[in-house]
Amino acid sequence: MRILGVDPGLRVTGYGAIETGARGARLIEAGVITPVASAALGQRLRHLYREMCDVLEATHPDVVVVEELWTAYRNPTTAVLMGHARGVICLAAGESGVAVRHLVHSLVKRALVGFGAARKDQVKRMVVQQLRLTSRPQPDDVSDALALALALANIESTERRFAALGVVANR
């Protein structure tokens, strides 16, 4: 299965594509999309959309996973702007015929580290370990995107094991 994790942002959007199989997960491609910060909102969203379409075409994911908006933003404008970026990413995936899943950050931490309040450096170490990398992905947006993809891979693997046992999980 190919999973594309996306850490949305209007300044920097990180992405990371992984492939999972019998030997675990392996990195396919990772990088950032960086719209011009001084451009008008519509232009930045258009840039993000076009670049995300290119990433989807290059990586051929089975599913895209995006982090849910965090509801405790100090500045509500930030949440609205992040919602715009998430919407454009979901639109690009939908136009490409790729399913989109959403995970809250505490679930990502729990799926990778086993603890929903894990520190960011613990999550980064698990990304390096699970993908057998020689160094931490940079910038943080890439590491966060890969964490999303790995978390979904771990969650789906667990769901398949439970289904094989006849246990149905509620979503």
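Which residues of α2 are buried? Keep that in mind as we walk through this predicted model.

**Start with the sheet.** Select the strands and you will see five of them in an open sheet, ordered β3-β2-β1-β4-β5, with mixed pairing. Colour β3 (24–33) and β5 (99–103): these stand at the edges with a single partner strand each, so one side of each has no neighbour in the sheet. From one strand to the next, the twist averages 25°.

**Zoom in on β4 and β5.** Strand β4, residues 63–67, pairs with β5 in the parallel sense, over five bridges. For one example, show valine 66 and its bridge partner in β5, histidine 102.

**Now bring in α2.** Select residues 76–95: this helix lies across β1 (2–7), β2 (13–21), β4 and β5, and runs at about 175° to β4.

Show side chains for Met82, Ala85, Arg86, Val88, Ile89, Ala92 and Ala93, the buried residues of α2. They cover an arc of only 155° around the axis, which puts them on the same side of α2. Their packing partners are β1, β2, α1 (41–59), β4 and β5. Turn to the face of α2 that points away from this buried side, and you will find the exposed residues Pro76 and Glu95.

**Last stop.** Following α2, select glycine 97, where phi is positive, near 75°.

Conventions. Residues are numbered from 1 along each chain as its sequence is written. This is a predicted model: local features need pLDDT of at least 70, side-chain atom pairs count only at pLDDT 80 or more; totals for chains, interfaces and linings use all residues. Side-chain values use heavy atoms; hydrogens and water are left out. Two strands pair if DSSP finds at least two bridges between them. Helices (H or I, at least four residues) and strands (E, at least two) are DSSP runs, numbered from the N terminus. Axes are lines fitted to C-alpha atoms, for helices over the stretch in contact, and angles run from 0 to 180 degrees between N-to-C directions. Contact means heavy atoms within 4.5 Å. Buried means under 20% relative accessible area, exposed over 50%, partly exposed in between (1.4 Å probe, protein chains only). The arc is that of the directions from the helix axis to the C-beta atoms.
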